[in-house]
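Hi,

Here is the model I said I would pass on. Have a look at it first, and my notes follow below.

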Amino acid sequence: MMDAGSIWAADALLPGGWARDVALAWDAQGRLARVEPGVAPAPGQARAAGPLVPGMPNLHSHAFQRGFCGLTEYRAQADDSFWSWRELMYRCAGRLDPRQAEAIAAWLYVEMLEAGYTSVCEFHYLHHDPQGRPYADAPEMALAILRAAERAGIGLTLLPVLYQAGGFGGAAPHAGQRRFLHDTPAMLRLLEDLKPRCEAQGARLGLAPHSLRAVPPQALREALAGLDALDATAPIHIHVAEQVKEVEDCIAWSGLPPVRWLLEHAPVGPRWCLVHATHMTPDEALDAARAGAVAGLCPTTEANLGDGLFDMPHWRDGGGAWGIGSDSHSTVNAAEELQLLEYGLRLATRQRNVMAEPGQPHVATAMTLAAVAGGARAGGRPVAGLAAGQQADFLELDPAHVALAGLPACDMLSAHVFGSHRTSAIRTVWVGGQARVREGRHALRETAAAAFVEVRRMLVAGA
Ligand SMILES: [Zn+2]
């Protein structure tokens, strides 16, 4: 079979670590057909100028939230918290129409690609019109996300969100949540409707029960059974234990903290991504990690919202998988998420190089490999790095960037994560073998940015 494309690199980060003189070749579907270290470049074969690194899956995104970044960074009340931020977020969410949602998402996905993310799990809960009525074509808002991803050329796992209650025990939802709501049969119809549309563009469809406070137990059981009937391997994502108040409310409701409740009442396993899971007891962390769930960590959003620090020591003791997401998109930069995750652990443990692994002392390399593997599992797509059978999703670091120039490849990745500051050291980004970013810039950068700024102008004017 003919290769659709190929490239040779002096250095490439493979799942087992750095390799020299590596040739990559991919097929017409954008899947890697061969990854061969220790070979000379073929005559006429394209050569990478810098080291090749696997593209990072972004395992948690609410695209529309990019539209109000910068607008919530002021004190509105003495005890500003996640919960007061959420009120502002609801006001923004209440106004967007499908065209505006697509413009925000398209720009966000351009930013993601330029910042090293090659696929995204979209935790999508803005379903209905601003009055809470279904659109004439019910999946209209989801289709806006699919179009945005296709235009930008980013891989997508679409996770329609099931949202039914305003709090534990089936509390009535309030007006700010009316765009999010589905009964269970309506959600299952939405999934059925979306499945062929996702498959047509290579996207994966999963389900996101929003949280235990928003989804009562019976609805959770029935929705998961319906999902299994549609696709028994589809990804399942849930927000869990992000806030102390949520843990306290869950204990008051059920006698158990949320991660323990889930472990006892749901088939938590490798299909599951536990988003945040910030506040767990050590036993919850060990048991959830051993069950095979992926921890969906969003370090810059968790810092922005004042959530707390994830219990990585116990998670790793349980052999837990993890990946990173940009969630509210206060930061859209895979390297900064890794940096902040490591720095949080350094501050908490008063040690350095906490995320190094026994066989991989270089922190940026160890974290990149772990987050790519965990993110791929969470997204349910073959994006687990530079290996045959995986998507040809990868980036080329810029060997001319001042922070990287002249360093060995492994240290270039360290400088990219820890020393490139707010400039980008990414030169080229391929998704499914197609170069979407060249010389650090996406082809849609200008038009997508202009459309985004125009939508935000309208949002601010309507505030
Ligand atoms: Zn979230």
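**What turned up**

Let me start with F394, which is buried, at a relative accessible area of 0%. Buried here is under 20% relative accessible area, exposed is over 50% and partly exposed is in between, with a 1.4 Å probe and protein chains only.

Before going on, note that this is a predicted model: local features need pLDDT of at least 70 and side-chain atom pairs count only at pLDDT 80 or more, while totals for chains, interfaces and linings use all residues. Residues are numbered from 1 along each chain as its sequence is written, and side-chain values use heavy atoms, with hydrogens and water left out.

**Rings**

How many aromatic pairs does a search of the whole structure find? The count is eleven, where rings of Phe, Tyr and Trp (its six-membered ring) pair if their centres lie within 6.5 Å, and planes under 30 degrees apart are stacked, over 60 edge-to-face and the rest tilted. Y125 and F180 make an edge-to-face pair, because their planes are at 90 degrees, with the centres 4.7 Å apart. Y125 is in the loop between strand 6 (117–124) and helix 3 (140–152) and F180 in the loop between strand 7 (155–162) and helix 4 (184–200), so this pair ties together parts 55 residues apart in sequence. (Helices, H or I with at least four residues, and strands, E with at least two, are DSSP runs numbered from the N terminus.) Both Y125 and F180 are buried.

Back to F394: its ring and that of W430 are stacked, 4.6 Å centre to centre with 20 degrees between the planes. F394 belongs to strand 14 (residues 394–397) and W430 to strand 15 (residues 426–431), so the pair links distant parts of the chain, 36 residues apart. W430 counts as buried too, at 10% relative accessibility.

Ring pairs also join F64, Y90, Y125, Y163 and F180 into a cluster. One more ring is worth a look: the charged end of R47 sits over the ring of W8, 5.6 Å from its centre (the rule is NZ of Lys or CZ of Arg within 6 Å of the ring centre and within 35 degrees of the ring normal).

**The zinc ion**

Three histidines coordinate the zinc ion through NE2, namely H60, H62 and H239, at 2.0 to 2.2 Å. Donors are N, O and S atoms within 2.8 Å of the metal (3.2 Å for Na, K and Ca), and since water is not among the atoms, sites may look incomplete. Their spacing in sequence is H-x1-H-x176-H. H62 comes from the loop between strand 5 (56–61) and helix 1 (82–93) and H239 from strand 10 (residues 236–240), so these two tie together parts 177 residues apart in sequence. H62 is buried at 3% relative accessible area, and H239 is buried at 8%.

**Charges**

The model has 22 salt bridges, each a side-chain nitrogen of Lys or Arg within 4 Å of a carboxyl oxygen of Asp or Glu. In one of them, E102 meets R151 at 2.7 Å, N to O. E102 is in helix 2 (residues 98–114) and R151 in helix 3, so that pair ties together parts 49 residues apart in sequence. E102 is buried at 11%, whereas R151 is partly exposed at 41%.

R457 and E454 form another, at 3.2 Å, N to O. Both are in helix 14 (residues 445–461), three residues apart, about one turn of the helix. R457 is exposed at 51% and E454 partly exposed at 37%. Elsewhere, salt bridges that share partners join D3, R34 and E36 into one network; within it, the closest N and O atoms of R34 and E36 are 3.9 Å apart.

What is the nearest side chain of opposite charge to E337, a buried residue with no salt bridge? It is R66, 9.6 Å away (Lys and Arg count as positive and Asp and Glu as negative; His and the chain ends are not counted). E337 sits in helix 11 (residues 334–349). Its contacts (heavy atoms within 4.5 Å), leaving out residues up to four places away in sequence, include Y117, C298, T300 and S326.

**Backbone**

Finally, D21 has a positive phi, near 50 degrees, though not a glycine. D21 is in strand 2 (residues 17–26) and is partly exposed at 26%.

Cheers
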